[in-house]
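Please read them beside the coordinates.

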Amino acid sequence: EALQQRRIDKRLALTLGRRTGELHRALAQTTGDPAFDPEPMTPADLSVWLNRIRHELATTLDRLKSSWRQFREPARSLADRLLKNRSALMAQLENLELATGCAIKTRIHGDLHLGQMLVSGEDVTIIDFEGEPVRTLAARRDKQLPLRDVAGMLRSFNYAAHAALRSRPDDSEFAQWIADWEQQTSADFLAGYAETVNPASAEDSAPNPVFLKWCLLEKAGYELRYEL
């Protein structure tokens, strides 16, 4: 039964990755509409983006510092640990010596997570293209790195894992199973995404790890501000 469930999870994760890849391929087409045509990601774009992440992350940690004493355990201890690692966290955004290569910026979904996927049989349909609701309309229309959507899905798998853990908080065997599930589901999603974004060379289409790390930090900061 567990093996059968794993096969179902793998198929669904691959499909989620493929549909996300198809979305990004569609949004990366040049049609002559300047509001949607893709553009190269320049060093100036990268600098602006990283400065925004730094500002948003600093704002998030400041808000957390002012309110963490009101939390109950285990949230209070987790917040304390995060605040103590502030310098190390911010240091991950210091590497500007990164060639943008062939990276492009396009219109993206902007708020992609499991709640935006309608499952029908063994397929999924992506819905709700309004973007992150707390951002301005202009910010939601900006062309951005498609990996921001990928990061949103990876963060959503983490949300699902922790939601499951709350049902059995003291079960270490279950906790390990959930950790393995999140790791494998994320890997399957990324595999489905890579093979769809560039079918001719899925290996070369694997997300840039540095870009993906920055996108994950940005998304995690947004989520924490949203929860606060």
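Contact, as used below, means heavy atoms within 4.5 Å. Helices (H or I, at least four residues) and strands (E, at least two) are DSSP runs numbered from the N terminus. The model is predicted, so local features need pLDDT of at least 70 and side-chain atom pairs count only at pLDDT 80 or more, while totals for chains, interfaces and linings use all residues. Residues are numbered from 1 along each chain as its sequence is written, and side-chain values use heavy atoms, with hydrogens and water left out.

1. Helices α2 and α8. Axes here are lines fitted to C-alpha atoms, for helices over the stretch in contact, and angles run from 0 to 180 degrees between N-to-C directions. The axes of α2 and α8 come within 9 Å and cross at roughly 35°. Their crossing is left-handed (the near helix is turned anticlockwise from the far one by less than a right angle; clockwise would be right-handed). On the α2 side the contact includes Leu-46, Trp-49, Leu-50, Ile-53 and Leu-57; on the α8 side, Phe-211, Trp-214, Leu-217, Gly-221 and Leu-224 are among the partners. By class, this contact has 11 nonpolar, 2 polar and 5 charged residues. Ala, Val, Leu, Ile, Met, Phe, Trp, Tyr, Cys and Pro count as nonpolar, Asp, Glu, Lys and Arg as charged, and the others, Gly among them, as polar.

2. Helices α6 and α7. The axes of α6 (residues 147-165) and α7 (residues 172-197) come within 10 Å and cross at roughly 160°. The two helices are therefore roughly antiparallel to each other (angles over 145 degrees; under 35 is roughly parallel, 65 to 115 roughly perpendicular, and the rest oblique). The crossing of α6 and α7 is right-handed. Among the residues that make the contact are Val-150, Met-153, Leu-154 and Phe-157 of α6, and Phe-174, Ile-178, Trp-181 and Phe-189 of α7. The contact residues divide into 15 nonpolar, 3 polar and 1 charged.

3. Helices α2 and α3. These pack at an angle of about 135°, with their axes 10 Å apart. That makes α2 oblique to α3. The crossing is left-handed. Leu-61, Leu-64 and Lys-65 in α2 meet Ala-79, Leu-82 and Leu-83 in α3; 5 of these residues are nonpolar, none is polar and 1 is charged.

4. Largest pocket. A pocket is found on a 1 Å grid over the protein atoms alone, as an open set of points with protein on both sides within 12 Å along at least five of seven lines; a cavity is a set where a 1.4 Å probe fits but cannot get out, and lining residues have an atom within 4 Å of a point. Grid points are joined across faces, edges and corners, and a volume is the space filled by probe spheres set on the points. The largest pocket has a volume of about 1400 Å³. It has 30 lining residues, of which Leu-78, Arg-155, Asn-158, His-162 and Leu-224 are the closest to its centre. Two or more lining residues come from each of α2 (43-67), α3 (75-84), α6 and α8, and α8 gives the most, with 8 residues. The lining has 18 nonpolar, 5 polar and 7 charged residues.

5. Cavity. How many cavities of 30 Å³ or more does a search of the whole structure find? There is 1. The largest cavity holds about 60 Å³ of space. Its lining includes Asp-111, Glu-132, Arg-148, Asp-149, Glu-218 and Lys-219, and divides into 3 nonpolar, 1 polar and 6 charged residues. Helices α6 and α8 (209-227) each supply at least two residues of this lining.

6. Backbone. Most residues other than glycine have a negative phi, and most peptide bonds are trans. The peptide bond from Glu-73 to Pro-74 is cis, with omega near 5°; Pro-74 lies in the loop between α2 and α3. Asp-128 has a positive phi of about 60° although it is not a glycine, and is found in the loop between β4 (123-126) and α5 (137-141).
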